[in-house]
Amino acid sequence: MTAHPDLIAQSEQTRKDIIELAPGIWTAVGYAASTVHMIEGAESVTIIDTTETTKAAENIFAEFRKLTDKPVGRIILTHSHRDHISGASVFAEGRDVPVIASHLFKSDLVDVDQTVIGANKALMRRTIMQFGIGLTPEQRISLGVGPGDRPMEGMGAGFIAPTQLISQDCEIDLDGVAARLVHAPGETDDHLVVWLPGLKILFSGDNWYHAFPNLYAIRGTPYRDFQAWADSLTLMAGLGAETMAPGHTRPVVGADNVVDVLTSTREAILYVMRATADGMDAGLSLDDICAAMALPSEIADKPWLKEFYGKVTWSARAFATGTLGWYDGNPTHLGTLSGATRAGHVAELAGGVEALMAKARDTGDMQWRLELCDHLIALGAPAETLKADTMEALAEIEINATARNTYFWGAKQLRDKIEGQG
């Protein structure tokens, strides 16, 4: 089994490590999907983010305990995604530790909208696929911005609801370490970044990591405000940080480097917005907009803008539908055909189902083969194995970890179905 060499190289960004950012300040990378940071104060420590499982939190806390035995005085949550909030109870050690977050904090661990419970089931299924849960280690080599091999025990089990909600930017004393909590909406509306002005260290949460930003997550998310995210990157770049510790991947060191990664990522977001809007204004279909979409050469080769996690074409689709909705301006798309009806028409054009199967086997365009397989399956033809083979072939050349995991999961589902029918 093979994998894209750049995706393999990205694993260096998630190599397991406890990194000292400054005396008394550390970040834990590679122990979980997300990073955890510890700031040592006079008599206590502050923990920023807590991972997605209690087991990962235990492993990190054990490493932190080798550095200091001071009790945890407070926990700060940069945002509400599960992979940052689910190990808090481990760090609290059974005590009433203040948990600080934005007043906009809203987690699906506790805040489930019962009106969309069906969508929540779809979200869970697609989340399992995106993160490769249940795949072999050879298949799930990476999460793009986190290690594929990580402890899964206690998933979501250690969440503690915030006890202190921050409604405006504020100064905060971390037991002798001066900090500022700054609202910076981006990957989520409830994002806080933690800024240590005296030490010039910035904890960016998920507003930046070493990969093209996940402007749309294929597991399914509400619209992420592209302009707000770009504006937050501008804000962060203007702070003057000399070290930035993100919510995933390794720290960025050096003031010029911090500004470079933040401003180029901002330019990438703005480019997707402009190019998508220009295409829509010109009356192009989303398929045609995405087929032509590529970052400009001056930023395309930036290592931190490779599509390990987010993807440019997915972002273009998200921006178009998030700003104008599903209708693309082509009156043809005001009506619809069922998948089986469309498949029947395609088969008729090809000369019948057997001819369509032959076309699917013979084409070298793997995306087209997948689409033909979908038509064949809708008509009851035995194309599941061909589709599974094609998805696995696509997975092995895919640089995007979530796409790779999803292809492998789709193939696994089809093969399980075939075995169940055997």
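Rings of Phe, Tyr and Trp (its six-membered ring) pair if their centres lie within 6.5 Å; planes under 30 degrees apart count as stacked, over 60 as edge-to-face and the rest as tilted.

**Ground rules.** I am working on a predicted model, where local features need pLDDT of at least 70 and side-chain atom pairs count only at pLDDT 80 or more, while totals for chains, interfaces and linings use all residues. Residues are numbered from 1 along each chain as its sequence is written, and side-chain values use heavy atoms, with hydrogens and water left out.

**Aromatic pairs.** I searched the whole structure and got six aromatic pairs. I looked at Y223 and F226: ring centres 5.6 Å apart and planes at 10°, so this pair is stacked. Then I took W326 and Y327, which have centres 5.9 Å apart and planes at 65°, so I noted that pair as edge-to-face. I also found that Y223, F226 and F319 make up one aromatic cluster.

**Accessibility of those rings.** I use buried for under 20% relative accessible area, exposed for over 50% and partly exposed for in between (1.4 Å probe, protein chains only). In the stacked pair, F226 is buried at 0%, whereas Y223 is partly exposed at 35%. In the edge-to-face pair, W326 is exposed at 64% and Y327 is partly exposed at 31%.

**Lysines over rings.** My test here is NZ of Lys or CZ of Arg within 6 Å of the ring centre and within 35 degrees of the ring normal. The charged end of K311 sits over the ring of W314, 5.8 Å from the centre. For K412 I get the ring of W409, with 4.8 Å to its centre.

**N214.** I placed this residue in the loop between β11 (201-205) and α6 (226-237); helices (H or I, at least four residues) and strands (E, at least two) are DSSP runs, numbered from the N terminus. N214 is buried, at 2% relative accessible area. Contact means heavy atoms within 4.5 Å. Skipping neighbours within four places in sequence, I list Q130, E187, Y209, R224, W229, Y309 and G310 as contacts of N214.

**T78.** This one is in the loop between β5 (72-76) and α3 (82-85), and at 1% relative accessibility it counts as buried. Leaving out residues up to four places away in sequence, T78 touches I48, D49, H84, D190, H191, L192 and G205. I also checked F203: it is 125 residues from T78 along the chain, yet their C-alpha atoms are separated by 8.5 Å.
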